[in-house]
Amino acid sequence: MGGPGSGKEPTQEEKDKELKWIRCMRENGVQLKDTEYNGGMRTGIEVPPGQEKAFEDAQKKCEAARS
């Protein structure tokens, strides 16, 4: 069963969506690191210091990449 946080490795499709979103965020000026998957748990997205506003704006534009 398990939902988010069940410790299972994300599917390739989920990883691709995540990567697409991160690339989109970078294109909009937010320097995000690639997500790392460690035993099914992904590392958190860190907003770079001073980029909170850019992060918010980019997130609105990039939300489509995740759906």
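Start by selecting Glu 18. This residue is buried, with a relative accessible area of 8%. The model in your viewer is a predicted one. Glu 18 sits in helix H1. Show its surroundings next. Leaving out residues up to four places away in sequence, Glu 18 touches Thr 35, Tyr 37, Arg 42, Ile 45 and Arg 66.

**Zoom out: the whole chain**

Colour by secondary structure. The chain holds 2 helices and 2 strands. Read from the N terminus, the order is α-β-β-α. The chain has 67 residues, and buried residues make up 24% of them.

**Select H1 and H2**

Display residues 12-27 for helix H1 and residues 52-66 for helix H2. How do H1 and H2 pack? Their angle is about 145 degrees, and their axes are 9 Å apart. The crossing of the two helices is right-handed. From H1, pick Lys 17, Glu 18, Lys 20, Trp 21, Cys 24 and Met 25. From H2, pick Phe 55, Ala 58, Gln 59, Cys 62, Glu 63, Ala 65 and Arg 66.

**Select Cys 24 and Cys 62**

A disulfide is a covalent bond between the sulfur atoms of two cysteines. How many disulfides does this model have? The count is 1. Cys 24 is joined to Cys 62, with an S to S distance of 2.1 Å. The bond links distant parts of the chain: Cys 24 is in H1, Cys 62 is in H2, and they are 38 residues apart. Check the torsion about the S-S bond. It is about -85 degrees, so the disulfide is left-handed.

Are these two cysteines buried or exposed? Both Cys 24 and Cys 62 are buried. For Cys 24 the relative accessibility is 17%. The cut-off for buried is under 20%, so Cys 24 qualifies.

Draw a C-alpha to C-alpha distance between them.

**Select Trp 21 and Phe 55**

A pair of aromatic rings is described by the distance of the centres and the angle of the planes. A search of the whole structure finds 1 aromatic pair. The rings belong to Trp 21 and Phe 55. Their centres are 6.3 Å apart and their planes stand at 80 degrees, so the pair is edge-to-face. Trp 21 is in H1 and Phe 55 is in H2, so the pair ties together parts 34 residues apart in sequence. Trp 21 and Phe 55 are both buried.

**Last stop: Gln 51**

Where does Gln 51 lie? Look in the loop between strand E2 (41-42) and H2. Gln 51 is then in contact with Gly 29, Val 30 and Gln 31.

How values were computed: Residues are numbered from 1 along each chain as its sequence is written. This is a predicted model: local features need pLDDT of at least 70, side-chain atom pairs count only at pLDDT 80 or more; totals for chains, interfaces and linings use all residues. Side-chain values use heavy atoms; hydrogens and water are left out. A disulfide is a pair of cysteine sulfur atoms within 2.5 Å. Helices (H or I, at least four residues) and strands (E, at least two) are DSSP runs, numbered from the N terminus. Buried means under 20% relative accessible area, exposed over 50%, partly exposed in between (1.4 Å probe, protein chains only). Rings of Phe, Tyr and Trp (its six-membered ring) pair if their centres lie within 6.5 Å; planes under 30 degrees apart count as stacked, over 60 as edge-to-face and the rest as tilted. Contact means heavy atoms within 4.5 Å. Axes are lines fitted to C-alpha atoms, for helices over the stretch in contact, and angles run from 0 to 180 degrees between N-to-C directions. A crossing is left-handed if the near helix is turned anticlockwise from the far one by less than a right angle, and right-handed if clockwise.
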